[in-house]
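Open the model in your viewer and keep the selection panel at hand. Each stop below says what to select and what to look for.

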Amino acid sequence: MKVLKKLKADELERLCHLIEEDYEYDKLDRSILLDFLNMGEVCQYERGELLGGADEIDTHIYILVEGLTRQWYWSGDKEITKGFGLPPTISIHYMSYYGGLPSHVYYEACCRSKVLRFTKEDFDNITQRSHPFALWHLNCVQNQLYYYELKDSRIRGTVREQYEALEKKRPEIIRNVPLKTIASYIGVSPQYLSKIRNQKSQKQQKR
């Protein structure tokens, strides 16, 4: 991980637009949003780097500015990918943030990614002194829970149908994420997903 300089004006404007677009049902006053975003430390993660250490207590809050991340955990000796994040996804290790315990859920950069990292102290302070910000944060959490359920309703069916749904709805995942990780997201072995993908490719070539 590398700490960078503050976001440029155009980067900050783009991030504000993404946040306002993503959470359009409860827009935060731009001045409050800017005060919050300017508290963040700009960090760059390379592919495969974790946002926070493995099995450590990490109370930071992360907002994805550029790139792609994934959320995953161990099930026995297998990696299970729970979901992917695009800008402006907010990531929090809830076991650490609320419980002061190491988290078993990991956030990992799938490609070179830029994030804003906030301390728990700064986040708690602005939540306590700004009621609109507290309501906005609640909306963010509810929004993410909604999209987890929406994902389950949209990306379902056979393995082929799930892979084709990713190709259509989230092509950036197909471009940036290894096959074995996509397989762990769908819930099959990499070998089986490779077979499905090869069959699909062969079928397209015959057309």
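Select Pro171 first. Is Pro171 buried or partly exposed? In this predicted model, its relative accessible area is 30%. Buried would need under 20% and exposed over 50%, so Pro171 counts as partly exposed. Pro171 belongs to helix α7, residues 171-176.

Next, select strand β8, residues 113-118. Six of its six residues are buried. In a regular strand, side chains alternate between the two faces of the sheet. On one side of β8 sit Ser113, Val115 and Arg117. On the other are Lys114, Leu116 and Phe118. Both faces are covered.

Which strands pair with β8? Show β2, residues 41-45: five bridges join β2 to β8, and the two run antiparallel. Val42 stands opposite Leu116. Then show β3, residues 61-66, also antiparallel to β8 over five bridges. Here Leu64 has Val115 as its bridge partner.

Stay on Leu116 and move to the core. The largest nonpolar core has 24 residues. Leu15, Phe36, Leu37, Ile63, Leu116, Phe133 and Trp136 touch the most other members. Elements giving two or more residues to this core include α1 (9-22), α2 (30-37), β3, β8 and α5 (131-154).

Select Leu37. Beyond its neighbours within four places in sequence, Leu37 contacts Leu12, Leu15, Cys16, Ile19, Ile63, Leu116 and Phe118.

Last stop: another core, of 16 residues, lies apart from the largest one. Among its members are Leu68, Phe84, Val159 and Tyr185.

Note on methods: Residues numbered from 1 in each chain as written. Predicted model: local features only at pLDDT ≥ 70, side-chain atom pairs only at ≥ 80, totals over all residues. Heavy atoms only, no water. Buried < 20%, exposed > 50% of the residue type's maximum accessible area, 1.4 Å probe, protein only. Helix = DSSP H or I, 4+ residues; strand = E, 2+ residues; numbered from the N terminus. Pairing = 2+ DSSP bridges. Core = buried A, V, L, I, M, F, W, Y, C linked by side-chain atoms within 4.5 Å. Contact = heavy atoms within 4.5 Å.
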